[in-house]
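I opened a new notebook page for this model.

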Amino acid sequence: LKFVREEIEAYRLYTVVPRLLTFLQDLTNRYVRLNRDRMRGTHGQAEACTSLQTLYTVLLNITVLLAPVTPFITEMMYQNLARALPD
């Protein structure tokens, strides 16, 4: 997070975008695929909640980080994710 913020503040998007794309690929190819059963509740309800809360937090943070690069899609994603936030 720190790297991305520093690079965006310095207007070096050419270093940010490849790293964010790699992170998103790793998130989908590793975390989501390896934790599918856990997210479905195969290992218990508590495990499912924990894994889904972790994924939610990561998606919320990545949406905020991507906002300067892709403002319209990230705004829509944030609004949908923000519905789950407490008031």
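Left-handed means that the near helix is turned anticlockwise from the far one by less than a right angle. Helices here are DSSP runs (H or I, at least four residues), numbered from the N terminus. The model is predicted, so I noted that local features need pLDDT of at least 70, side-chain atom pairs count only at pLDDT 80 or more, and totals for chains, interfaces and linings use all residues. Residues are numbered from 1 along each chain as its sequence is written, and side-chain values use heavy atoms, without hydrogens and water.

Next I looked up the geometry. α4 and α5 (residues 71–82) pack at about 150 degrees, with axes 9 Å apart. Axes are lines fitted to C-alpha atoms over the stretch in contact, and angles run from 0 to 180 degrees between N-to-C directions. The two helices are therefore roughly antiparallel (over 145 degrees).

I then checked who touches whom, with contact as heavy atoms within 4.5 Å. On α4 I found Tyr56, Leu59, Leu60, Thr63, Val64 and Leu66, which meet Thr74, Met77, Tyr78, Leu81 and Ala82 of α5.

I turned to α2 and α4. They pack at about 165 degrees, with axes 12 Å apart. That makes α2 roughly antiparallel to α4. This crossing, α2 past α4, is left-handed. Among the α2 residues in the contact I noted Leu20, Phe23 and Tyr31.

Conventions. Parallel < 35°, antiparallel > 145°, perpendicular 65-115°, else oblique.
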